[in-house]
Amino acid sequence: MVDPTDIAVQVRKMSPQRWAMAFAAVVAAALVPIVTGLAGSGQSPVILAVVVGLAGASATQPDSHVALTVPLVGVWHWTASTDASTSGWVLVVAVCLFAFHTLVALMSTTPPRATVDTRTAVRWLGRSIVVASATGAVWALVIAVDRVDLAGSAVVTTIGFVAATTLMVALIAPRRSQPSR
Amino acid sequence: MTPWQPTPALLRSVAAAVVLIAIALIWRRPDLLVIAAPFAVVTAWSSLNRPTRSPTLVDSVGHPTLREGDATVWRGAVDGVPHIDLAVAVVDHDAWVETRPECGVTTAPGDDGRALLEVPLRSTRWGVRTIERIQVSALSPWAAYRCSTVTPPRTVATLPVPGVFDVGASPRPQDGLVGLHRSTRAGDGNEFAGLRAFRAGDRMRRINWPRSIRVGELQVNGTWADLDTHVALMIDATDDLGISEGIDGRASSLDVTVRAAGAIAEHYATRGERVSMATFGGRIAHTVPPASGRAQLRRVLDQMARIQPGGAAGTAGAGRLAVGQSSGSRMTVLLSPLISPHVLDQAVSLGRRGMSVVVIDTLPENVIDHDDDLTAIAWRIRLLERRREIRMVSGAGIPVVRWRGPGSLDQVIRDIARRTTGPRLVRR
């Protein structure tokens, strides 16, 4: 059981960098229901409040499983509000959820009072750009499949997804011996 | 280090990827595949870079001995696994050890399977500092796997920085013929005293031939005897009164005592005089036999760094120690906040045995500042009693001076030197 007093003490000791990362994580999570509302049937303040609350709790306890609830709630909202939309909004939602996950994962590496060194932050940023690019490739593949009148064929999309993932793995594999970048 | 353990971040990415892909396939939602894509890539990336064996940590502290205010560096090297992405060191907070960064947490990215951590440490107060519980963690890419360990405790002895001190007067003549202070009596030495007629026993090389030819009889160069002062430092470690803020802030009574004793030891030991030290009232009694030189100064400071204030119970035994080890051929400097009347009793007892005793009052002025009004009043009453006790001791011929750095002891030592030239009444 997490002691609320400990959380309050940790929040008070948070470094400016940690505050910035926590703020960015909450903003990234909050964008998910907002974008979902733009792509679907309108805004839902209740969902937004729930997501922001969960994101805030995740930012204060990044090394816990609380952060898992944010993508689950966000995806549930997306699934319920939109109808298999492959518009650009889904890419925004995917990138926002990934940004939230990455920021919380980075925050979980150090205590709240710490400041992550610049080299590590740059390394994580570079990797995030690679993953975001892969996400864009998957989205482009989904669009391409959609245009060849194969809408609704999840099997083909899965094949494309696996192909994109394999491509990314093939790109990453040579770097395994050189993890510095 | 402990075996690698999956983190909540890995579980989150795996769960999101698996659940979203499953829903996408079941409900024919290709858009969910787009949302699942980054999580799937992160999962694949993390799995490909999963470490297989635990890394090793080699850590050390740059300097085992410091001076107050000096800094050293704790270094830790985490290596042995090619997939180390990040290493983190967390230093527990210690009141007298400053870290950089101030939060005590440092991170280092892994390069070629090796991460080098450095935590600069600055000890701000004398004493033996134990640097313990440095928690070191190593993480794989995307913080997917983590292993950690806690370093064994390491001690850093922090020597007190002696205060500024100088004394122009020299104490009474002693038995030996070493040291640099001019004696109050003529004798064999280096300091020129004057010309005088040759006497039986004078060395031939002391004869001043030009002067002898001019006056027609043998004349010799007279010198002052070199002085061998034995300064015995007695440190009262019964209590540590007042607030200590380290080298950069307010000083407690023990801070003042130790720094003053260090200053006196440095002044005399580096000038060839013999210095000894003994503590009383602390948890452990420390003694350093008399010797001179920089090595002796280092010994004295090293023992001072190990002083731990004890209780009043040690005071009586300390008094016996002081009497037992004292001799008439030394100058005893007793440093104490003079809160316990036993210390003054012992000083008077030593003085009545014919020993040269100087008492240095090291009670800080801020000791009366207290948040609790009743405690503040109690202190004021005790200080009034203390003032009376000090007056009585001074009346008994034991000089009590307040520590003020350079010149604190000049007048006192002149008085001692003058007194020793005359007849004394000694109680045996």
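Q: How many bridges join β18(B) to strand β19 (residues 356-361) of chain B, and do the two run parallel or antiparallel?
A: Two strands count as paired if DSSP finds at least two bridges between them, and strands themselves are DSSP runs (E, at least two residues; helices are H or I, at least four), numbered from the N terminus. Here 6 bridges join β18(B) to β19(B), and the two strands run parallel; B:Leu335, for instance, has B:Ile360 in β19(B) as its bridge partner. Between them the chain passes through helix α7 (residues 341-352) of chain B, making a right-handed β-α-β crossover (with the strands pointing away from the viewer, the path from the first strand over the helix to the second runs clockwise). This is a predicted model, in which local features need pLDDT of at least 70 and side-chain atom pairs count only at pLDDT 80 or more, while totals for chains, interfaces and linings use all residues. Residues are numbered from 1 along each chain as its sequence is written, chains are lettered from A and ligands numbered from 1 in the order in which they are written, and side-chain values use heavy atoms, with hydrogens and water left out.

Q: Which other strand pairs with β18(B), and over how many bridges?
A: Strand β15 (residues 230-236) of chain B pairs with β18(B) in the parallel sense, over 5 bridges, and in this pairing B:Leu233 stands opposite B:Val333.

Q: How many residues of strand β18 (residues 331-336) of chain B are buried?
A: Buried means under 20% relative accessible area, exposed means over 50%, and partly exposed lies in between (1.4 Å probe, protein chains only). In β18(B), 6 of the 6 residues are buried, so the strand is largely enclosed by the rest of the structure. B:Met331, B:Val333 and B:Leu335 point one way, while B:Thr332, B:Leu334 and B:Ser336 point the other way.

Q: In what order do the strands of the open sheet with mixed pairing in chain B lie?
A: The order of its 3 strands is β3-β12-β9, and the edge strands, each pairing on one side only, are β3 (65-67) and β9 (127-131). From one strand to the next the twist averages 30° (axes are lines fitted to C-alpha atoms, for helices over the stretch in contact, with angles from 0 to 180 degrees between N-to-C directions). β9(B) and strand β12 (residues 154-159) of chain B are antiparallel over 5 bridges, with B:Gly127 opposite B:Thr158. Helix α5 (residues 294-305) of chain B packs on the sheet and touches β3, β9 and β12 of chain B, where contact means heavy atoms within 4.5 Å; the direction of this helix makes about 120° with that of β12(B).

Q: How many aromatic pairs does a search of the whole structure find?
A: A pair of aromatic rings is described by the distance of the centres and the angle of the planes. Rings of Phe, Tyr and Trp (its six-membered ring) pair if their centres lie within 6.5 Å, and planes under 30 degrees apart are stacked, over 60 edge-to-face and the rest tilted. The search finds 3 such pairs over all chains. In one of them, the rings of A:Trp124 and B:Trp142 have centres 5.7 Å apart and planes at 70°, so the pair is edge-to-face. The pair crosses between chains, from helix α6 (residues 118-147) of chain A to the loop between β10 (134-139) and β11 (145-150) of chain B. Both A:Trp124 and B:Trp142 are buried, and together with A:Phe98 and B:Trp45 they form one aromatic cluster.
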